[in-house]
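This report is meant for a reader meeting these two chains for the first time. It moves from one chain to the other and then to the contact between them.

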Amino acid sequence: MSEKEFEPVIVGFFCNWCTSAAADLAGTSRLHYPASIRPIRVMCSSTVDPVYLIRALQEGADATILGGCHPGDCHYITGNYKARRRVAIVKTVLKSLGFEDDRVLLEWISGSEGPKFARVMNEYTEYIKKKGEADFKYLDSLGGE
Amino acid sequence: MSNDMLKKFIVDAFEKGLIEAVMAPAATKDSYTYALITKKEDVDKITPIAPVMQWNGADMLRRITKLKKSERKLLAILRPCESRTYKELVKFNQINPENIIVLSYDCPGTIHARNFKYEPVEPENLVEEIKNGGKSEKIRDACKVCEYPAPIPGVGDIGLGLVNTDPVFFSLSDKGKEFLGAMGITEGERDADAWVEEHRKRREEWMEKERITGGRKGIEEFLSSCLNCHNCKDMCPICFCKECFFEDHNVFDYESNKFYNWADDKDGIRLPTDRSLFHIGRLIHMGTSCIGCGLCQQACPMDIPLYRLFGIVGNDLQKVFNYKPGVDDNLPPVMEFREDELHEFEGLLGGEE
């Protein structure tokens, strides 16, 4: 039996006004992006408590993406600036404890950037594929090496 | 001695009508709690400089002013870490600073409350040890590596110098200056720089040596005896939320199948679930404002040296935002933002294209 290729699971929290619209646009433009992305539509990138990013990793995701509007374009004026601070906190905590902080990605993708959406998803999936499985999944379990 | 002197100061202030109430530690059978007194006759019941910090004094002030500002002029005697907590909680709109005067002093450190219970120490003993710029070996880990053992200008109102000198008062704010003036006390000076520097040097060494690394294995081993009792959260003065993400919340309630699926996926899970997630989540929520009082560690029934986790990771977080909790005048990082910042955290390689 040939070895199955590693297919990462990437959970994306996409804001309703920009990145989710970009995902739609990428779809209607028939641009290809990998099926490893599991999008979750949220009203704003700032509504995602950073603990949910960690939670997704612990539930077995290999990476998480938080997608929001470009700085200055937030539908709620300042949501994405707050999201950026939160992601900075999560990444610093992960790095400080010796986890891989590049398993959390923050991207600004506006509603008209369907091609950028597809490109980012392709690139990040490739990147995570190369990195391999996350061992964060085994936090507080008996498994893992 | 320094305690007697402070008591005299308090009686004087009562007599001059500058204060109407005092919050300071008072001895109990085995420990020290905070006490609130409103009459000068009660002054003998308190011990302003106590060898134990069972609670954070700023947390007590938060309880007093929770519903309404302080209706009487209150003098609060706080350690430097508590006065920094006070300042941080004022910024978080948890304490109304109106009518409150904070006095803080060169802190000799405090003894772990449990150790004190079995090996009591006279309050003056610790003060004696810092008279010549030293420190006691009995004090808590967090106190040994304290970054700000001396009162800081701009934090609190009145300072009391004990290092390398007979006790001297000095003002930390305009309010304090006015107060000392009305008391008829001339401000003194003392040289505590070398003493503070020593603490900071120990802190640097400690941070290098005691850092928790190794990702999953590292944190799991560190927390391996955690009871999930959440005492560290209850004692943390920064964890003031009425509704905690990790409690009274059905985020962590699942059907049985969810547990079985986890066990399938992860080759067996530990119960109760989410012990490490609780600590990582708490770091994310309060780490940027961690004062470093070390009460999380004192509260741990399993003696996990939690200050190694919160102190060091908190320090890393504060470096990212260039923020010193309780010292800086700007708002805590979780309360504000700038438009042009933190680009290294955007995108895969940092920086927007």
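What covers the buried residues of helix 3 of chain B? The model is a predicted one, and in it the cover of these residues includes helix 2 (57-64) and strand 4 of chain B. Helix 3 of chain B, which spans residues 80-91, is mostly covered, with 10 of its 12 residues buried. Among the buried residues are Pro80(B), Cys81(B), Arg84(B), Tyr86(B) and Leu89(B), together with charged ones including Glu82(B), Lys87(B) and Glu88(B). From its first C-alpha to its last, helix 3 of chain B reaches 17 Å, close to the 16 Å expected at 1.5 Å a residue. Just after helix 3 of chain B comes Asn93(B), which takes a positive phi of about 60°.

**Strand 4 of chain B**

Strand 3 of chain B, helix 3 of chain B and strand 4 of chain B together make a right-handed β-α-β unit. Strand 4 of chain B, residues 100-105, is largely enclosed by the rest of the structure, because 6 of its 6 residues are buried. In a regular strand the side chains alternate between the two faces of the sheet. Here Ile100(B), Val102(B) and Ser104(B) point one way from strand 4 of chain B, whereas Ile101(B), Leu103(B) and Tyr105(B) point the other way, and all are buried. Strand 4 of chain B runs parallel to strand 3 (residues 74-77) of chain B, to which 4 bridges join it, and Ala76(B) stands opposite Val102(B). Strand 4 of chain B is also joined by 3 bridges to strand 5 (residues 158-161) of chain B, again in parallel, and in that pairing the bridge partner of Ser104(B) is Gly159(B).

**The sheet of chain A**

Chain A holds an open sheet of 4 strands in the order 2-1-3-4, with parallel pairing. Its edge strands, each pairing on one side only, are strand 2 (37-42) and strand 4 of chain A, and the twist averages 20° from one strand to the next. Strand 3 (residues 63-68) of chain A is joined to strand 4 of chain A by 5 bridges, and the two run parallel.

| Strands paired | Bridges | A facing pair |
|---|---|---|
| Strands 3 and 4 of chain A | 5 bridges | Ile65(A) and Leu105(A) |
| Strands 3 and 4 of chain B | 4 bridges | Ala76(B) and Val102(B) |
| Strands 4 and 5 of chain B | 3 bridges | Ser104(B) and Gly159(B) |

Helix 3 of chain A packs on the sheet, where it touches strand 3 and strand 4 of chain A, and its direction makes about 160° with that of strand 4 of chain A. Strand 4 of chain A is mostly covered, as 5 of its 5 residues are buried. Val104(A), Leu106(A) and Trp108(A) point one way from this strand, and Leu105(A) and Glu107(A) the other way. The chain passes from strand 3 of chain A through helix 3 of chain A to strand 4 of chain A, in a β-α-β crossover that is right-handed.

**Where the chains meet**

How many residues does the contact take from each chain? It takes 41 residues from chain A and 40 residues from chain B. On the side of chain A that touches chain B, helix 2 (50-58), helix 3 (79-97), strand 4 (104-108) and helix 4 (114-131) of chain A each supply at least two residues. Helix 3 of chain A gives the most, with 13 residues. By class, this side of chain A has 21 nonpolar, 9 polar and 11 charged residues.

Methods: Residues numbered from 1 in each chain as written. Chains lettered and ligands numbered in written order. Predicted model: local features only at pLDDT ≥ 70, side-chain atom pairs only at ≥ 80, totals over all residues. Buried ≥ 20, exposed ≤ 12 C-beta atoms within 10 Å, placed from the backbone. Pairing = 2+ DSSP bridges. Right-handed = clockwise from strand over helix to strand, strands pointing away. Contact = placed C-beta atoms within 7 Å. Axes fitted to C-alpha atoms, helices over the stretch in contact; angles between N-to-C directions. Expected span 1.5 Å × (residues − 1).
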